[in-house]
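Biologist: Here is a model I would like to go through with you. Please keep the terms plain.

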Amino acid sequence: MTSDRWKNWAGNQRATGLTVHHPRGTAEIVDVVDATRKAGGRLKAIGSGHSFTAIGKPDGGQVAFDRHAGLVWLDRKTGLVTVEAGMTIRTLNGILRQAGLSMTNLGDIDKQTISGAVSTGTHGTGAAFGGIATQIRGMELVLADGSVLTCTPEENPEVFAAARVGLGALGLVSTVTLQTEPAFALCAEEGPMPLADVLSGFDSLAEGTDHFEFYWFPHTDLALTKRNTRLPFDTELAPLPRWKSIVDDEVLSNGAFGAIVGISRRVPAGIPRLNRISARALGSRTFTDYSAEIFVSPRRVRFVEMEYAVPRTDIVDVVSEIQATIDRDGLRVPFPIEVRVAAADDIPLSTASGRASGYVAVHMPAGTDFWPYFRKVEAIAVETGGRPHWGKLHTLDAAALRERYPRFDEFVALRDKLDPIGLFSNAYLDRVLGTGPNAEAASRR
């Protein structure tokens with residue numbers, strides 16, 4: 001146990017005066033929960049701190065899973081793998097590659113813990129693929145009363161259904177069991193296209209390859225498209241030469257881009273010109289590598305982010321309206337806008353629950369005044385029934401979110417049953433889920 005201060009990756013969420021617990025094994029997690037409950041405190045788990053919202057911000061007690069991050073078991077034949085909550089996606093990918101396995105889908109950052117990623121609804125892209133939580137086949141939770149609950153589609157199925165995207169509100173995730181698949185490669189085809197062509201052909205692009213996304217540079221008419229096609233792993237790999245990977249991903253995508261962002265902070269009026277320079281620097285490249293090497297990209301420039309999931313049928317109109325708003329209102333936006341897709345799923349608080357979704361993510365440099373831009377984007381997404389990513393900035397509360405999630409009250413009722421004293425809550429969860437049945441007592445915790 002340590003007393004410490006905490007901040008997230010972007011530095012926009014901070015807390016001090018914490019009691020930080022570093023349990024190893026489920027039994028020690030139970031001990032921490034029991035001690036916190038008896039002391040009348042609150043307890044929040046934290047992974048790698050990659051959420052931009054305050055979903056992991058503690059109100060006093062914090063559980064770090066850095067000592068609870070091992071492999072429990074792996075079955076090469078079935079592809080099932082169970083890991084402790086603190087294992088990072090990067091570590092998991094390394095283990096899977098050695099075992100001849102792959103995650104079905106991934107986002108572009110691998111620094112998160114697996115429990116943090118699934119709890120906030122982290123997703124990748126692909127019209128036929130769901131987020132990481134759709135790959136879960138079992139979970140172990142430590143509940144507020146100190147009991148340990150095993151959840152699968154057959155055992156405690158109502159908890160399993162909700163806990164796959166549980167926001168940290170139902171209990172502390174101890175282990176996660178994932179369904180992986182035989183290792184596969186991806187052929188990555190990347191290159192610039194006029195934004196108008198991307199939008200007019202969006203459905204064909206999204207459905208014409210396994211994993212499609214694009215980045216549009218505001219103040220320009222160009223987008224960078226990324227088309228990743230799945231191939232058998234015995235395909236001859238043709239990864240980027242190391243020198244080109246360093247030039248493209250480190251020098252240009254991080255070093256040069258970081259310098260451009262730095263200039264834009266000092267000279268906002270120059271952002272349109274700087275974006276045109278960045279867009280013109282986009283080149284085409286094709287390469288083939290192990291799936292995780294293609295899915296994941298290095299991110300060195302610190303930023304804050306808002307992302308909304310909208311019905312996929314509305315994504316082109318949403319991007320077009322954002323473009324019109326930036327031009328009309330004279331906004332200066334130095335970061336590209338990212339657009340992805342995902343299949344519908346059956347998870348109550350997944351952003352793709354019950355509908356095929358398009359995702360639009362907007363970014364601004366960390367430490368800048370991002371809300372004027374983000375609020376305008378949010379207003380556009382909200383009009384279409386948009387749902388905010390739980391780990392990315394937004395202003396919606398429980399009343400607004402209830403209208404967007406048909407199974408919202410089902411989740412809240414389960415939260416109230418499993419954690420009636422609000423042991424695992426914090427200010428963010430009180431806002432987005434509402435306070436529990438013992439709100440007055442919880443507020444004194």
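Modeller: Helices (H or I, at least four residues) and strands (E, at least two) are DSSP runs, numbered from the N terminus. The model is predicted, so local features need pLDDT of at least 70, side-chain atom pairs count only at pLDDT 80 or more, and totals for chains, interfaces and linings use all residues. Residues are numbered from 1 along each chain as its sequence is written, and side-chain values use heavy atoms, with hydrogens and water left out.

Biologist: In which loop is the place of Asn156?

Modeller: Asn156 is not a glycine, although its phi is positive, about 50°. Its place is in the loop between β9 (148-151) and α4 (157-163).

Biologist: Is Leu167 buried or exposed?

Modeller: Leu167 also has a positive phi, about 60°, without being a glycine. Its loop runs between α4 and β10 (172-179). Buried means under 20% relative accessible area, exposed over 50%, and partly exposed in between (1.4 Å probe, protein chains only). Leu167 has a relative accessible area of 2%, so Leu167 is buried.

Biologist: Which residue in β18 is the bridge partner of Arg340?

Modeller: Strands β17 (residues 337-342) and β18 (residues 357-365) run antiparallel and are joined by five bridges. In β18, the partner of Arg340 is Tyr359.

How values were computed
Pairing = 2+ DSSP bridges.
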